[in-house]
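Here is a friendly walk through the model you are about to see. Keep the viewer open and follow along, element by element.

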Amino acid sequence: MTTIRQRRVGKGTEAAEDQPSEETNVKPDGKILSDPTGGKLWNILSITVGGIVAISLGLLTSVYVATLHENDLWFSNIKEVEREISFRTECGLYYSYYKQMIQAASIQQGLHGLVYDNKTESVRTINILERMNVYQEVFLSILYRILPIQQYLEPVYFYIYTLFGLQAVYVIALYVTSWLLSGTWLSGLLAACWYITNRVDTTRVEFTIPLRENWALPFFAVQIAAITYLLRTHLQPVQERLTLMAVFIATFLFSLTWQFNQFMMLIQALALFILDCLDMLPTAKVTWLYIIQISGLLLVCVLQFFNSMILGSLLISFNVSVLIARTIQKNLKKGGLLKRLGKLILHVLLVLCLTLLINKFIKKILNLESDEHIFKFLKAKFGFGATRDFDANLYLCEEAFGLLPLNTFSRLSSTLLFYAYGFVLFLLTVAAVIVAFRNLSGSNQVQFKEKMEEYTVTLKPDAAYSLVHTVLFGCLALSTMRMKYLWTSHMCVFASFGLCSTEVWKLILKCLHLYTSQRTQVIKYSLPIIALLYISFKFWPGIMDELSELREFYDPDTVELMNWIKSNTPNTAVFAGSMQLLAGVKLCTGRTLTNHPHYEDKNLRERTKQIYQIYAKRSPSDVYGILRSFGTDYVILEDSICYERRHSRGCRLRDLLDVANGHIMDGLGENEPDLKPSLYPRFCEEIKKNLPSYTMHFTRVFQNKTFHVYKLAKHN
């Protein structure tokens, strides 16, 4: 028998930089030599140095993005209203709840104001903690109130520094994951450097600070690091229990901080399902991960006052279906190739049918329609019929929800990241196919196992998970640009792990009949060092130039609008307008809104479509009636929307409204045959002519180059 078995012990229990090679640690008779004192000292030194480098890189990344934010806006010098306006769209909405909690007379009153909120949506009282993922704002505001830091640190700085601090956690988690996969902290160093130099494609935290993903993705990275460690072989029971606890905590925090958590974890569950079916992961550990996902999501559901969107998530239905199907098909992993394939196909069909049935049953019982816009968007995006649905088209026309632009790959290639990623992805995919075939064929012949030994060593369970994870999230990023940040960060980990992996280079050299242990070690250290030197020489001057470039926030029209609202309208006034602008109105002025950007509610989506009739071809009496039905006192019209040029014809907001209303679109171009001309001109244009039919309902009270504010008459 071969004596290469000793590598399996090393890979399962050690996180050290060097794995002992068989040539230097195996006697001719097969007995293993050991040098426990030297090995332990080397491990301690390696872990200490690697840990210091990880923490240093994390802190440097945090300082780097904080400096970019300051340099871009001159945040420390601008007025408070300008700082708040810089939190654009939904970012401003989320930050407003932090501000609300800070300004409340007490923590109890602040929480009561969130649970019984009547200012976010007019003529409705909603539970903010149930509808939105804002527990992080609640926790941070309470922390700010109880810590003795009010005299030294403004609330806004406490908030943004926390987010920038989470970037340190993010980078450290990526570093550790790559280290665990490869066995050397040099891999983690390369992953972190790639993350920083590809910042445009790996994060957007410096200009979208309060966005939910900036809270959630660091915890997701920690979860992946914990899963990577969990999938190592020969863990002690205590180690396994502690790792499972770490996975649960990270999963819970990730789920608590982002409303799209269920969709990301569904992709993760699919990765586990594929690998379990192909017998590449231990079934017991996969089962624990399914249970952790369900329990973490259900705990968040409880904290969010039994949010129905969570209960009706596909993730819960899928995980429950997998566990049920596994109970029904107990001998799934026995038999020859054809028998296994047959069982596998039946298993997949059973899980799919159970998932759809359970999910449909839950949604029927709960009368759940909160996430229907997502499925309408996906149906239209992937070509399952054209749609005139306003909500689906609103997503389809946004660049962030389009395909990943090709120039992304040229940027990633300039740092060598994409080249390294493609190289490692190809090798491990080939290895995965071979291993999957071997597992499904169920061959137990010693000769076959010895022949395949090089492939099994290359594709350890943690590497197999990383491979499928990056493939699935890569597909998501390619189809939806906004989700690229989930892929590109893991791309850094995956590529650096492959370049620094003993198993990868051992496989290549054996295929070329050039393998020696020394040659493998030289390659696995020299290539990442060369990559690091290349990155340093090419990108360090650019980073320094970027850090020295100083700009300043400038949006005088919006500042003027917010100051006018605060000075000239009552605190109880209700404002209507675009979702993005109204988020800023709430943050800067505290006025009541008719609608807002948090779109995961059917009633709000219908309300928003009605409010947006101010940009459609409707009569003044119709628009007035709609606005008054939501208690509107003032309506804000934006020239940038009314005369929009950012999108092409068919994707302008006014075009989406025209099509949804059955009207032909403005401008040259084709229209669908059943669309008809409107009986009325466009409201946002016609109201500026001050015609009697408009002035009897609307009075202009504010105007600048960008905004027009009209006060609604109160007819008896």
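Strand 4 and strand 5 run antiparallel and are joined by five bridges. Two strands pair if DSSP finds at least two bridges between them. Strand 4 and strand 5 make a hairpin, with three residues between them. Within this pair, phenylalanine 702 stands opposite valine 709 of strand 5.

A word on the model itself: this is a predicted model, in which local features need pLDDT of at least 70 and side-chain atom pairs count only at pLDDT 80 or more, while totals for chains, interfaces and linings use all residues. Residues are numbered from 1 along each chain as its sequence is written, and side-chain values use heavy atoms, with hydrogens and water left out.

**The sheet around the hairpin**

Strands of a sheet pair through backbone hydrogen bonds, either parallel or antiparallel.

Both senses can be followed from strand 3. With strand 5, strand 3 pairs in the antiparallel sense over five bridges. With strand 1 (residues 574-576), strand 3 (residues 634-638) runs parallel, joined by two bridges. The table lists some of the facing residues.

| Residue | Facing residue | Strand of the facing residue |
|---|---|---|
| Phenylalanine 575 | Tyrosine 634 | Strand 3 |
| Alanine 576 | Valine 635 | Strand 3 |
| Tyrosine 634 | Lysine 711 | Strand 5 |
| Isoleucine 636 | Valine 709 | Strand 5 |

How many residues of strand 3 are buried? Five of its five residues are buried, where buried means under 20% relative accessible area, exposed means over 50% and partly exposed is in between (1.4 Å probe, protein chains only). Both faces of strand 3 are covered, with Tyr634, Ile636 and Glu638 buried on one side and Val635 and Leu637 buried on the other. Strand 5 is mostly covered too, with five of its six residues buried.

**A pair of helices**

Two packed helices are described by the angle between their axes and the distance between the axes. Helix 10 (residues 185-197) and helix 25 (residues 484-499) pack at about 145 degrees, and their axes are 8 Å apart. The axes are lines fitted to C-alpha atoms, for helices over the stretch in contact, and the angles run from 0 to 180 degrees between N-to-C directions. On the helix 10 side, the contact is made by Ser187, Leu190, Ala191, Trp194 and Tyr195. On the helix 25 side, the residues are Ser489, Cys492, Val493, Ala495, Ser496, Phe497 and Leu499. Contact means heavy atoms within 4.5 Å.

What is the make-up of this contact by class? The contact of helix 10 with helix 25 has nine nonpolar, three polar and no charged residues. In this count, Ala, Val, Leu, Ile, Met, Phe, Trp, Tyr, Cys and Pro are nonpolar, Asp, Glu, Lys and Arg are charged, and the others, Gly among them, are polar.

**Single residues to look up**

Serine 466 sits in helix 24 (residues 461-479). Is serine 466 buried or exposed? Serine 466 counts as buried because its relative accessibility is 3%. Leaving aside its neighbours within four places in sequence, serine 466 is in contact with Leu181, His490 and Phe494.

Valine 123 is not a glycine, although it has a positive phi of about 55 degrees. Valine 123 lies in the loop between helix 6 (107-115) and helix 7 (128-131). With 61% relative accessibility, valine 123 counts as exposed. Asparagine 690, another residue other than glycine, has a positive phi near 55 degrees. Asparagine 690 is in the loop between helix 34 (683-686) and helix 35 (692-695), and its relative accessible area of 42% makes asparagine 690 partly exposed.

**The two domains**

The protein chain is divided into domain 1 (163-548) and domain 2 (556-712), with bounds that come from an automatic or database domain assignment. The domain centres, taken over C-alpha atoms, are separated by 42 Å. Domain 1 gives 15 residues to the contact and domain 2 gives 21 residues.

Key:
Helices (H or I, at least four residues) and strands (E, at least two) are DSSP runs, numbered from the N terminus.
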